[in-house]
Amino acid sequence: MSIEKRWENGLEYIVIENAFAEAKIALQGAHLFYYQKKGESPLLWLGDKAQFEPGKAIRGGVPICFPWFGKNRADVTLLQHGFARNQLWEWVSSEEREEGSTHIQLQLTANETTRKVWDYAFILQLDVIIGSELVITLTTTNQDQKPFELTQALHTYFNISDIDTIQIDGLDGTIYHNNLDGQEYSQDGDLIINQEVDRIYYPHSDSTIIQDSERTVTLISEGVHALVVWNPWIDKAKAMVDMSDEGYRKMICLETANAGRDIVVVEPNGSHSLKAIIRTNLLK
Ligand code: TA6
């Protein structure tokens, strides 16, 4: 069942409810900001001070970073993480699938605003399947006459019981770039978050697991060679208007990404997809 709703400030979002879960996707940024399986806590963290303002990315859920991740290397004054999450996307289709999940497709194409900062013709499609697992696929098609480079991410904010409780498995022995000091390191053992973390990992496996008190969350990433892990910690959380001072305790970002040295080149008429498959398992 998909119905469209509208906030009082005019931002529209889609509400999806089916036998497995409920989800909400804002048309601005094709921003999935809520997903809750029946009988479980919400999977995605959403800032209690998140601002649902036209043109401003929602703090939480799954922001789409496109066509660059982080600062634009050619012009650092451009919007961090690109324009996709601030643009109004077209709601293309909704489909109830036979096993009861729901498939929603949204798309963004080049317009006057995007061409000012990135002068290419493209189709960007987001396919979200809301079921017993959450599957998010971001596909770029190059409609231009020349190839273009991409860095991008599904910047997923996961809702957790407490930052002191969780550990992240699957990164042991993985090389990572630490954005805080610009150095590279090797991850020693499972990852515990006890400080600001802003890292681009280059994992050996496609699976990363959040071990939490009530459940494990498994993120399977496809079409990428990088995984970004971010928690702002105390000082950065205090400095963010759309995150409460304690908000950092309830979230961890694990981001399926073509980022850092994982740069994608899409040829004319070519396409590239990245995918996040998210499964949860309740602990007895
Ligand atoms: O994904 C990590 C990161 O690049 C951090 O450096 C931090 O800036 C975060 O993204 C949030 O970025 P935003 O532009 O959404 O505030």
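Student: Which helix does Trp 233 lie in?
Tutor: Trp 233 lies in helix α2, residues 233-239. Helices (H or I, at least four residues) and strands (E, at least two) are DSSP runs, numbered from the N terminus. This is a predicted model, where local features need pLDDT of at least 70, side-chain atom pairs count only at pLDDT 80 or more, and totals for chains, interfaces and linings use all residues. Residues are numbered from 1 along each chain as its sequence is written, and side-chain values use heavy atoms, with hydrogens and water left out.

Student: OK, and is Trp 233 buried or exposed?
Tutor: Trp 233 is buried, with a relative accessible area of 17%. Buried means under 20% relative accessible area, exposed over 50%, partly exposed in between (1.4 Å probe, protein chains only).

Student: What's up with phi of Trp 233?
Tutor: That phi is near 60°, a positive value in a residue other than glycine. Asn 269 has a positive phi too, near 70°, but Asn 269 is exposed at 70% relative accessible area.

Student: New topic: how many salt bridges are there?
Tutor: The structure holds 13 salt bridges. A salt bridge is a side-chain nitrogen of Lys or Arg within 4 Å of a carboxyl oxygen of Asp or Glu.

Student: Which residue does Lys 236 pair with?
Tutor: Lys 236 forms a salt bridge with Glu 196, and their closest N and O atoms are 2.5 Å apart. Lys 236 sits in helix α2 and Glu 196 in the loop between β15 (183-186) and β16 (197-201), so the pair ties together parts 40 residues apart in sequence.
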